[in-house]
Amino acid sequence: MLVHVTSDNELIWNALCSALWPHLGKDEMLFARRAGKLPYEFLYMETEEAWGFLSLSLRHDYVEGTDSSPVAYIEGIYVKPDARHRGIASEMIFFAKQWAKEHGCRELASDCDVHDKDSEGFHKGVGFMEASRNIHFVMKLG
């Protein structure tokens, strides 16, 4: 069952965020949520234990491969390794699709790193179609 992240369960959510995004500072997501920047955060709870989380947003700017606005966007989806292959992520995708419709969206989008074959396979497996591939460049000045 998916439940909203609240002040009562945000530390559990933050630990799961750290597992998905270890390159971020330990409490970066927690500070962002407390500042009101992450209003659509959900925990997947089963028998009083959090097995994963889903982070959603509404994007009003252009989203690659879409033709409507707003677009519901999966900012992050994570299931603990020992709980995978039990349908939890598929259940979260179903929830995200319903949530998107309730928020007036006609499209649900997501992304993954071009080298993350597990995430790519997951996205394709739950019905996403690849929209494009991008290579980003940066040049240090100074």
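Colleague: How many helices and strands are in the chain?
Modeller: There are four helices and five strands. Keep in mind that this is a predicted model.

Colleague: In which pattern do they come along the sequence?
Modeller: Reading along the sequence gives β-α-α-β-β-β-α-β-α.

Colleague: And what is the radius of gyration of the chain?
Modeller: The value is 16 Å, close to the 14 Å that the globule rule gives for 142 residues, so the chain is as compact as a globular protein of that length. The C-alpha trace spans about 45 × 40 × 30 Å along its principal axes.

Colleague: What share of the residues counts as buried?
Modeller: Of the 142 residues, 37% count as buried. The accessible surface of the chain comes to about 9,300 Å², and 55% of that surface belongs to carbon and sulfur atoms.

Colleague: On to the sheet. In what order do the strands sit?
Modeller: The order is β1-β2-β3-β4-β5, in an open sheet with mixed pairing.

Colleague: Which ones are the edge strands?
Modeller: Those are β1 and β5 (108–109), and each of them pairs on one side only.

Colleague: How many bridges join β3 to β4, and do they run parallel or antiparallel?
Modeller: Eight bridges join β3 to β4, and the two strands run antiparallel. Across this pairing, Phe 53 stands opposite Tyr 78 in β4.

Colleague: Now the rings. How many aromatic pairs are there?
Modeller: The count comes to four aromatic pairs. One of them is Tyr 40 with Trp 99, which is edge-to-face, with 4.9 Å centre to centre and 65 degrees between the planes.

Colleague: Where do Tyr 40 and Trp 99 lie?
Modeller: Tyr 40 is in the loop between α2 (28–34) and β2 (41–46), while Trp 99 is in helix α3 (residues 88–102), so the pair ties together parts that are 59 residues apart in sequence.

Colleague: Is Tyr 40 buried or partly exposed?
Modeller: Tyr 40 is partly exposed, because its relative accessible area is 25%. Trp 99 has a relative accessible area of 6%, so Trp 99 is buried.

Colleague: What about Phe 53 and Tyr 78, how are their planes set?
Modeller: Phe 53 and Tyr 78 form a tilted pair, with 35 degrees between the planes and 6.3 Å centre to centre. Phe 53 is in strand β3 (residues 49–59) and Tyr 78 in strand β4 (residues 71–79), 25 residues apart, and the pair links distant parts of the chain.

Colleague: Why does Phe 53 count as buried?
Modeller: Phe 53 is buried because its relative accessible area is 0%, and the cut-off for buried is under 20%. Tyr 78 is also buried, with a relative accessible area of 10%.

Colleague: Which residues form the aromatic cluster?
Modeller: Trp 21, Phe 53 and Tyr 78 form one cluster.

Colleague: Last one, Val 3. Where does Val 3 lie?
Modeller: Val 3 lies in strand β1 (residues 2–4). Its relative accessibility is 23%, so Val 3 counts as partly exposed.

Colleague: And which residues does Val 3 touch?
Modeller: Not counting residues up to four places away in sequence, Val 3 touches Asn 9, Glu 41, Phe 42, Leu 43 and Met 45. As for Phe 53, Val 3 and Phe 53 are 9.3 Å apart in space, C-alpha to C-alpha, and 50 residues apart in sequence.

Methods
Residues numbered from 1 in each chain as written. Predicted model: local features only at pLDDT ≥ 70, side-chain atom pairs only at ≥ 80, totals over all residues. Heavy atoms only, no water. Phe/Tyr/Trp six-rings, centres within 6.5 Å; stacked < 30°, edge-to-face > 60°. Buried < 20%, exposed > 50% of the residue type's maximum accessible area, 1.4 Å probe, protein only. Rg over C-alpha atoms; globule rule 2.2 N^0.38 Å. Areas by Shrake-Rupley, 256 points an atom, 1.4 Å probe, with all protein chains shown as cover. Contact = heavy atoms within 4.5 Å. Pairing = 2+ DSSP bridges.
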